[in-house]
Amino acid sequence: MSFVPGQPVTAVVERVEIQKLRQGENLILGFSIGGGIDQDPGQNPFSEDKSDKGIYVTRISPKGPADLAGLKIGDKIMQVNGWDMTMVTHDQARKKLTKKREDVVRLLVTRKSLEEAVKQSKGCYHKP
Amino acid sequence: EALYDMIYNFFVFRDRRDRHRSKSRDSSSRGDKSVTIQTPGEPLLDAESTRGDDRDDNWGETTTVVTGTSEHSISNEDLTRVTKDLEESTPLECKRFVGPALGGCLSFFALVTPLAFLILPQVLWRDALEPCGTPCEGLYVSLAFKLLVLLISSWALFLRPPRATLPRFFVFRCLLMVLVFLFVASYWLFYGVRVLEPRERDYRGIVEYAASLVDALLFIQYLALVLLEVRHLQPAFCLKVVRSTDGASKFYNVGHLSIQRAAVWVLDRYYSDFPVYNPALLNLPKSILSKKMTGFKVYSLDENTTNNSTGQSRAMIAAAARRRDNSHNEYYYEEAEMDRRIRKRKARLVVAVEEAFTHIKRLQEEEAASSPKHPREVMDPREAAQAIFAPMARAMQKYLRTTRQQAFHSMESILTHLQFCITHNMTPKAFLERYLTAGPTMQYQQQNGRGRQWTLVSEEPVTSALRQGLVFSLRRLDFSLVVTVTPLPFLRLGEEFIDPKSHKFVMRLQSETSV
């Protein structure tokens with residue numbers, strides 16, 4: 001999940017579709033994000049590479065829409081509804097997630113365990 | 001063979017003694033090569049050793065050093081002491097004062113010349129001279145003042161007692177003296193031809209002639225000032241000075257100097273910067289090193305042993321290195337033990353001195369007058385020092401012995417120092433400063449006018465200027481200072497302007513937004 005500026009990023013991602021929940025006036029998703037290119041990447045407890053300025057899931061409200069959809073804490077969000085999340089400011093990410101006209105957000109998230117699962121399955125496949 | 005030995009030793013010893021006396025003359029006559037001073041006891045391998053193939057390398061130990069004509073035998077220590085005494089008590093060399101005396105004569109001659117130019121026509125053909133009025137008087141006054149300035153500045157610049165005798169001529173100074181001499185001589189020549197012979201009547205011309213000489217002398221003095229005093233002020237080279245026996249080193253920045261002048265400069269700094277040379281502190285204790293000596297011996301059974309020696313020694317060294325030895329361990333523990341011992345003795349010394357200092361106090365004037373009913377014994381500093389020396393003497397002696405400084409401080413010197421400290425109201429810590437750290441060599445010098453003998457050893461002629469990569473060394477009897485010259489780097493200084501309004505800061509963010 002480390003990136004080199006200028007090089008394409010390769011990652012194993014999981015597609016998570018979250019239905020927004022209406023709570024009064026607002027549509028909420030039930031998780032919190034941290035990170036962004038205008039933030040300090042060294043403070044991110046979830047990233048492996050401490051210079052990674054991507055958007056990470058920092059908290060999931062239990063039984064909220066995100067929890068039900070399978071989002072895990074510490075996931076890095078790569079795309080939201082087709083919009084890239086690897087090179088955005090914190091505020092831009094928030095805006096993309098909280099558009100009032102959309103009630104569903106389709107996220108592409110990546111986490112370490114996905115990579116390992118793929119490797120393991122590849123390895124199992126190769127054993128004769 | 002024995003007779004040859006005896007005669008050879010006789011010559012060698014006498015030559016060695018002569019060599020000590022005429023060290024400085026030797027180096028100047030020997031050209032650019034180094035002059036070596038042999039300490040007694042080392043085998044001599046110089047041009048006189050014509051032994052050739054049957055040279056026995058141990059002959060220095062098996063042959064007596066004293067000549068065959070004397071019946072006494074003296075140990076190596078005595079000999080070292082004798083040579084040291086010999087060196088310290090060399091008679092005051094007249095050579096030291098030849099240079100300044102010559103310079104003094106020349107400058108006197110140069111200063112008197114304009115006056116002579118003026119006076120001689122007056123004395124010899126006074127009546128035939130044309131009178132000259134106001135311009136001459138103006139010239140007289142300016143001449144007088146210029147001579148006064150010349151006199152004062154010569155006194156200030158050049159009439160200083162020289163601090164060192166150099167092995168070779170000081171090039172700039174000689175150049176200037178020759179210049180002055182030629183100059184004044186040519187003026188006299190012209191004077192003799194143009195004024196004295198035809199009995200020149202134009203007195204004003206003569207006065208102007210004298211004034212021009214004085215002007216030119218002032219300019220030569222300016223040249224002398226620049227060459228001798230100013231040129232070497234701007235630093236251009238960095239000298240690294242390392243003492244050969246214990247590695248004490250310092251870096252100095254000097255300007256453009258010749259090697260001999262740089263040597264004098266370094267020695268000036270040596271006496272006040274370097275800690276004093278202590279021969280007792282040099283060697284690792286034998287107990288640690290001796291283990292290394294018990295290696296295995298290599299015996300060669302061949303007929304020809306000449307060409308195999310390097311191979312053998314290399315094999316021995318390699319085998320010794322491979323063998324596991326723990327001498328570094330012992331060295332480490334020995335060092336730690338020594339440190340502990342020194343610290344313990346130092347603590348005892350400090351406590352003893354502090355206590356001793358509490359026994360006396362300075363008598364105030366009013367006290368003496370106002371308390372006649374408590375007559376205390378009033379002492380002068382010497383007696384006070386002696387009174388409080390006794391309780392601290394033992395601790396002091398033990399401490400000095402542990403730090404191997406006992407050779408530098410006699411009881412008398414300690415008492416004198418104690419007296420000095422008491423007189424100046426110093427605290428015990430100030431008194432001990434002299435003993436707790438090894439001071440510079442100046443602290444231990446006795447003042448005598450004989451001077452210290454150093455030998456400058458260099459591969460280049462000593463009047464050549466310093467340049468990069470030059471190495472020369474200054475040798476004394478038992479140690480030497482090796483000096484390496486590197487030029488100071490050329491600095492390219494750039495400029496960057498920072499607008500004071502450009503200093504702005506933001507907080508580092510790590511916000512968390514819930515969506």
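**A residue in chain B, then the interface**

Tutor: B:Leu147 counts as buried, because its relative accessibility is 12% (buried is under 20% relative accessible area, exposed over 50%, partly exposed in between, with a 1.4 Å probe and protein chains only). Before we go on, this is a predicted model, where local features need pLDDT of at least 70, side-chain atom pairs count only at pLDDT 80 or more, and totals for chains, interfaces and linings use all residues. Residues are numbered from 1 along each chain as its sequence is written, chains are lettered from A and ligands numbered from 1 in the order in which they are written, and side-chain values use heavy atoms, with hydrogens and water left out.

Student: OK, which helix does B:Leu147 lie in?

Tutor: Helix 6 of chain B, residues 134-158 (helices are DSSP runs of H or I with at least four residues, strands are runs of E with at least two, numbered from the N terminus).

Student: And what does B:Leu147 touch, leaving out residues up to four places away in sequence?

Tutor: B:Leu111, B:Pro114, B:Leu115 and B:Val214, where contact means heavy atoms within 4.5 Å. B:Asp215 is 68 residues from B:Leu147 in sequence, with 9.3 Å between their C-alpha atoms.

Student: Switching topic: where is B:Ser473?

Tutor: In strand 4 of chain B. B:Ser473 counts as buried because its relative accessibility is 12%. Leaving out residues up to four places away in sequence, B:Ser473 touches B:Thr455, B:Leu456, B:Val457, B:Leu481 and B:Val482.

Student: How do strands 3 and 4 of chain B run, parallel or antiparallel?

Tutor: Antiparallel, with four bridges joining strand 3 to strand 4 (residues 471-475); strands pair if DSSP finds at least two bridges between them. B:Leu456 is opposite B:Leu474 of strand 4 in chain B.

Student: Which residues of strand 3 in chain B are buried on each side?

Tutor: B:Thr455 and B:Val457 on one side, B:Leu456 and B:Ser458 on the other, so both faces of strand 3 (residues 455-458) are covered.

Student: Now chain A. What's its pattern along the sequence?

Tutor: β-β-β-β-β-α-β-β-α-β-α, which comes to three helices and eight strands. Chain A has 128 residues, and 39% of them count as buried. Of the contacts in chain A with a separation of 6 or more, 67% are between residues 24 or more positions apart.

Student: How many residues of chain A are in contact with chain B?

Tutor: 18 residues of chain A, in contact with eight residues of chain B. The area buried between the two chains is about 1,000 Å², and carbon and sulfur atoms give 50% of that area (buried area is the accessible area, with a 1.4 Å probe, that two parts lose on being put together, summed over both). On the chain A side, A:Gln39, A:Asp40 and A:Gln43 lose the most area to chain B, together 37% of what that side buries.

Student: Which strand of chain A gives the largest share of the side that touches chain B?

Tutor: Strand 4 of chain A, with five residues. Strand 4 of chain A also pairs with strand 6 (residues 512-514) of chain B, in the antiparallel sense over three bridges. In that pairing, A:Ser32 stands opposite B:Ser514.
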